[in-house]
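Open the model in your viewer and keep the selection tool at hand. The stops below run from the whole chain down to single residues.

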Amino acid sequence: MLAAGEEGIVDSPGMGEFKVHRVRFFNYVPSGIRCVAYNDQSNRLAVSRTDGTVEIYNLSANYFQEKFFSGHESRATEALCWAKGQRLFSAGLNGEIIEYDLQALNIKYAMDAFGGPIWSMAASPSGSQLLVGCEDGSVKLFQVTPEKIQFERNFDRQKSRILSLSWHPSGTHVAAGSIDYISVFDVKSENWLMDSFGDETDFNLLGSAIHKMLVDRQYMGVSKRKCIIWGVAFLSDGTVISVDSAGKVQFWDSATGTLVKNHLIANADVQSIAVSDQEDSFVVGTAEGTVFHFQLVSVTSNSSEKQWVRTKPFQHHTHDVRAVAHSPTALISGGTDTHLVIRPLMEKVEVKNYDAALRKITFPHRRLVSCAKKRQLLLFQFAHHLELWRLGSTVATGKNGDTLPLSKDADHLLHLKAKVSKMPAFLRSALQILFSEDSTKLFVASNQGSLHVIRLLEGSFKHLHTFQPQSGTVESMCLLAVSPDGNWLAASGTSAGVHVYSVKHLKLHCTVPAYNFPVTALAIAPNTNNLVIAHSDQQVFEYSIPDKQYTEWSRTIQKQGFHHLWLQRDTPITHISFHPKRPMHILLHDAYMFCIIDKSLPLPNDKTLLYNPLPPTNESDVIRRRTAHAFKISKIYKPWNLTSGRISTISLQPLLFMELLDERTLVAVERPLDDIIAQLPPPIKKKKFGT
């Protein structure tokens, strides 16, 4: 067994033709999840992390992480929400409200709310107004204009920070959670005051609370010093649901300001709440790592009277659940353990496909590792720095499956912190960079949709050309691939399009026909210049760049279709490469499997075992040929059951990167989840029965 920070060289079982460097010294630890926000119009989920990073997942595209905004040490995000026109906003402890440009993939602008640190934010039901709750006790209302947001007025300042906000679905009232009490504001009362008192009214001082509901400080029979209202939800019938630091879920009548019902569900804080659009279901997350599901059910089978019942507790987190969301078909949760957990509501899922599987997303759906094959160097990408390592080596030999001792350990060559160098302005907003195979050119994808071609000289560089975005769009290019001969450059944007450029003639060569699902990986094969494209629905296409059309093999596989277990995989392919001596082989991997597709062999059908090991060597060649098919899959990384197609709750050693160093040697960068959990803060200790 390899420990964290180690490297081992193995003659790989199941694929014994390769010697494998198994690398575990990439000390990558994802940041904890702080907020999640679901957009029902686009079926997308925004996720913010404790380092200020924001990610956007397309739930209609197999939950693919299609967009990513890097964080910064000064941006501690505390609130995240969608507004009118599918616009995304965040706010945090630096006191700023940020809007994100979802096309250019950068920050559109940041605005100081002038209320100190911001703890909460909520968009009105129409999406045309934005509320923020601040450290100084103020609730500030902003108008969402086409280009920006504009401050409109303050509500009546409260005595303590505003930790949670929720609009009534009609947009007429707002509930605000503080410390020890909940305030209810009448948003429309300011319009009445304007009509009554005219233009002399100071609207910055209007908006008093019509109710203040005091929360019981009792916690398991003991009076606590403070009770923090971590979350509130305002329902159409006027009910306000609150969750707090005393482990309670409480129901309030906002018209009378009285407590209606109380649920003590945890021995620690209940930190988050989200309600379904139909208001017949809601989900809460606790500091103990538990997610509780509440449903509105009839009191009796023949009664029209309904009540809220706690129906399902789930324990998919090891640490506190800081954020929850409720989509039409799933409960979504995230927290300190860094996992984004998506649990399907089985009664809402019509077809048993990948929507019916429990998902636990831990790693980014993009590559964090690059490789210099000839030099045997690995470059690791962290949030704020890069690390360069040289692989170890061995002179030992062994049989298939043996772990060979290193004769020379891996070397940590360079630790490079992120800094701004003296580069031209047009290169400072790079989303992707890629070197040609001979290192004479650098390709840079900017956040304005353009692609720059740079010639690298000794100690300097020269700008050769800029490919402008197509059709006047500013869609950012998120994936780049260059052909080994350096003549072709393929680029994919945040949607499903792929453009191929001639580097030799510096012009657009062709555009691959549009497909409905985003691209997750692409690569250009040597010799043939065939472009292989993987999409988030697990489809793989092969497109001939010289012929400007799909290859015959690609047409065959689309006609027959992929194996159903292949299509049910729920992690995207993140890397594609090719065997230097075997042009019929395509190598690809996701976080939990490594696959070689041999185009010379027949495709597996749904009656065939997808994981199909070769028969023993004493079997006849006839049987060997009869059982062989094009897909050879290594199961060493799987949390995914190749028999049932279902995901397991525990994965041992997810695969972040795999590449051929030469025709007989692979490098695999693994990141065991136990190593990540060991670096997280300790979870809340639970008292066990009898102790």
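Start with the whole chain, coloured by secondary structure. This predicted model has 5 helices and 55 strands. Buried residues make up 54% of its 691 residues. Turn to contacts between residues at least 6 apart in sequence: 48% of them join residues at least 24 apart.

**Stop 1: R22 and E670**

Select R22 and E670. They form a salt bridge, with the closest N and O atoms 2.6 Å apart. R22 lies in strand β2 (residues 19-23) and E670 in strand β55 (residues 665-670), so the pair ties together parts 648 residues apart in sequence. Are these two side chains buried or exposed? R22 counts as buried, at 15% relative accessibility. E670 is buried too, with a relative accessible area of 0%.

**Stop 2: E78 and R34**

Next, select E78 and R34. Here the closest N and O atoms of the salt bridge are 2.7 Å apart. E78 sits in strand β7 and R34 in strand β3, so this pair ties together parts 44 residues apart in sequence. Both E78 and R34 are buried.

**Stop 3: D411 and R390**

Move to D411 and R390. Their side chains meet in a salt bridge at 3.9 Å, N to O. D411 counts as partly exposed, at 29% relative accessibility. R390 is also partly exposed, with a relative accessible area of 34%. One network to display as well: salt bridges with shared partners join R22, R24 and E670. The chain's salt bridges number 15.

**Stop 4: a patch on the surface**

Stay with strand β37 (residues 411-417), where L413 is found. Select L413, L414 and L416. Together they form a nonpolar surface patch with about 230 Å² of accessible area. L413 is partly exposed, with a relative accessible area of 38%.

**Stop 5: Q376**

Go to Q376, in the loop between β33 (369-372) and β34 (377-381). Which residues does Q376 contact beyond its neighbours within four places in sequence? They are H21, W389, R390, L391 and L661. Draw a distance from Q376 to L661: the C-alpha atoms are 7.1 Å apart, though the residues are 285 apart in sequence. Q376 is partly exposed, with a relative accessible area of 25%.

**Stop 6: F292**

Select F292 in strand β27 (residues 291-298). F292 counts as buried, at 8% relative accessibility. Leaving aside neighbours within four places in sequence, its contacts include I265, F282, R310 and P313. From F292 to T311, 19 residues along the chain, the C-alpha separation is 7.6 Å.

**Stop 7**

Finish with the cavities. There are 8 of 30 Å³ or more. Of its 19 lining residues, F363, P364, H365, T574 and A591 are the closest to its centre. Strands β32 (359-361) and β54 (655-662) each supply at least two residues of this lining.

Notes:
Residues are numbered from 1 along each chain as its sequence is written. This is a predicted model: local features need pLDDT of at least 70, side-chain atom pairs count only at pLDDT 80 or more; totals for chains, interfaces and linings use all residues. Side-chain values use heavy atoms; hydrogens and water are left out. Patches are made of residues with over 30% relative accessible area and no salt bridge: like charges are joined within 9 Å, nonpolar side chains (Val, Leu, Ile, Met, Phe, Trp, Tyr) within 5 Å. Accessible areas come from the Shrake-Rupley method with a 1.4 Å probe; for residues, only the protein chains shown count as cover. A salt bridge is a side-chain nitrogen of Lys or Arg within 4 Å of a carboxyl oxygen of Asp or Glu. Helices (H or I, at least four residues) and strands (E, at least two) are DSSP runs, numbered from the N terminus. Buried means under 20% relative accessible area, exposed over 50%, partly exposed in between (1.4 Å probe, protein chains only). Contact means heavy atoms within 4.5 Å. On a 1 Å grid over the protein atoms alone, a cavity is a set of points where a 1.4 Å probe fits but cannot get out, and a pocket is an open set with protein on both sides within 12 Å along at least five of seven lines; lining residues have an atom within 4 Å of a point. Grid points are joined across faces, edges and corners, and a volume is the space filled by probe spheres set on the points.
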